Amino acid sequence: MRMHVRAKMIAIAGLLAALSAVLLVLSSMIESNSLIFIGLASFCVGIMIREWGMRAGMIFWIASVLVNLIVAPNKFYGLTYAGMGFYLLLSEMLWESLAKKPNMKNRTVMLWVGKYAFFNLMYIPVLLLVPQLIFTKKMTGKLWVVFLIAGQLILWVYDWAYRRFQGHI
């Protein structure tokens, strides 16, 4: 990579990391829209992946998670950002992997199965082991099912918004 191209990538990564930190701070200040701000902040990971590749995206994700855990007033929001960014890393890796197999049948189905598998491998353990991170009261069986279904719907909306965002930048 040429020196000026590398410098440009580092500068853009720094700006995106700063933007994600500002969005996480805003999520703490405007609690009613916290998940929206965290989701927007995690889109910065996707921007790095699409513009500079998977390796740059992974390095950016690690660096921005560390910065956001230091800067964000609410550390839980920093952890949520880490999970959402990690989901984007995994889904982009899966997308790249499936794109290399043009003869494979049902690639779209495989992509969605993989995305939901990645998400649920992160989400279900949180629901089972530390549900108080999501809901402050006691989690009953019916409420657990409601949160499980709500998580699936929220993932679909988040992924839809991410795909629309990536289509417009």
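In which helix is N68 found? Select helix α3 (residues 54-71), where N68 is found; helices here are DSSP runs of H or I with at least four residues, numbered from the N terminus. The model is predicted: local features need pLDDT of at least 70, side-chain atom pairs count only at pLDDT 80 or more, and totals for chains, interfaces and linings use all residues. Residues are numbered from 1 along each chain as its sequence is written, and side-chain values use heavy atoms, with hydrogens and water left out.

Stay on N68. At 1% relative accessibility N68 is buried (under 20% relative accessible area; exposed is over 50%, partly exposed in between; 1.4 Å probe, protein chains only). Show its contacts (heavy atoms within 4.5 Å): leaving aside residues up to four places away in sequence, N68 touches A17, S20, A21, L24 and Y81.

Next, the salt bridges (a side-chain nitrogen of Lys or Arg within 4 Å of a carboxyl oxygen of Asp or Glu). The count is 3.

Select R50 and E92, whose closest N and O atoms are 3.0 Å apart. This pair links helix α2 (residues 34-52) to helix α4 (residues 75-99), across 42 residues. R50 is partly exposed at 41%, whereas E92 is buried at 3%.

Move to D159 and K115, bridged at 2.8 Å, N to O. D159 is in helix α6 (residues 141-168) and K115 in helix α5 (residues 107-129), so the pair ties together parts 44 residues apart in sequence. D159 is buried at 1%, and K115 is buried at 6%.

Within helix α6, R163 and D159 are 4 residues apart, about one helical turn. R163 is partly exposed at 31%. Through shared partners, salt bridges join K115, D159 and R163 into one network.

Methods
Helices (H or I, at least four residues) and strands (E, at least two) are DSSP runs, numbered from the N terminus.
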